[in-house]
Amino acid sequence: MIGARIYSSLLILSGTGSRDSRGSDAKDNLFRVFLLYSDMRSSGIEPDRVVYNTLIDACALAGDSDRAFQVFASMQVGQVRPDVVTYTSLMKACIAQRNMTRAMQVFDAMKIGGCSPSAITFCTLIDGACKGQNLELAVALLREFIDGDLTVTREIFDTVVLECCRQNARSQLEKSLQLAEQCQVALGRRTKMMAMKLIRGSAG
């Protein structure tokens, strides 16, 4: 009989493989991951947090948020405590289906449950907010990111500032630039050029 550790390793390898897949490939990988999971359960082996996180992440990569939440529900029934990886993967699943409202609900539940968000959590949400053209939310998350005493990279500032420029949103741009200055983060050259162009154009 295959042991719990071997099953966990196989699931992780299968889930990791789906990271490089998109569309139908990601769904094929998801099918294989759940097939292995079903075999694991049939063998009488109870999944741990690593297994549940791998399943949820695979669902997120395949854009299947409903299934991700089904796994999360099973995790709760099994009294397996979720961690930052669990919640962040759930948020990714929501964002994959352009459901920022549900992603933010997961974010709130995470904090209420006493689990602190990581830099990856904030980057995931900010990127989702930008793609959903919700700059007010993106800037608010960026501010909370900074207040959380986490390291905010230039890349995430560039993401927000560039989206502000694309949407011609000067007010949110100025707030983002102020936050970048507060953190003493130097923006990328292209980002600076686009920001200055918007500011000068608005002033004119």
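**Salt bridges and positive phi angles in a predicted model**

A search of the whole structure, which is a predicted model, finds eight salt bridges.

Me: Is Lys-131 buried or exposed?
Reply: A residue counts as exposed when its relative accessible area is over 50%. For Lys-131 the relative accessible area is 65%, whereas Asp-127 has 29% and counts as partly exposed. Lys-131 is therefore exposed.

Me: In which helix do Asp-158 and Arg-154 lie?
Reply: The side chains of Asp-158 and Arg-154 meet in a salt bridge, with 3.5 Å from N to O. The two residues are four residues apart, about one turn of the helix, and the helix that holds both of them, residues 154–166, is α9.

Me: Is Asp-158 buried or exposed?
Reply: The cut-off for a buried residue is a relative accessible area under 20%. Arg-154, with 40% relative accessibility, counts as partly exposed. Asp-158 has a relative accessibility of 10%, and therefore counts as buried.

Me: What is the N to O distance in the salt bridge of Arg-170 and Glu-174?
Reply: Arg-170 and Glu-174 both belong to helix α10 (residues 170–182), where they are four residues apart, about one turn of the helix. Arg-170 counts as partly exposed at 29% relative accessibility, and Glu-174 is likewise partly exposed, with a relative accessible area of 31%. Their side chains meet in a salt bridge with an N to O distance of 2.8 Å.

Me: Where is Gln-79 placed?
Reply: Gln-79 is not a glycine, although it has a positive phi of about 55 degrees. Gln-79 is also exposed, with a relative accessible area of 74%. Its place is in the loop between α4 (65–77) and α5 (84–96).

Me: What is the phi of Asp-149?
Reply: Asp-149 is found in the loop between α8 (135–147) and α9, and this residue is exposed, with a relative accessible area of 73%. Its phi is positive in a residue other than glycine, with a value near 60 degrees.

Terms used:
Residues are numbered from 1 along each chain as its sequence is written. This is a predicted model: local features need pLDDT of at least 70, side-chain atom pairs count only at pLDDT 80 or more; totals for chains, interfaces and linings use all residues. Side-chain values use heavy atoms; hydrogens and water are left out. A salt bridge is a side-chain nitrogen of Lys or Arg within 4 Å of a carboxyl oxygen of Asp or Glu. Buried means under 20% relative accessible area, exposed over 50%, partly exposed in between (1.4 Å probe, protein chains only).
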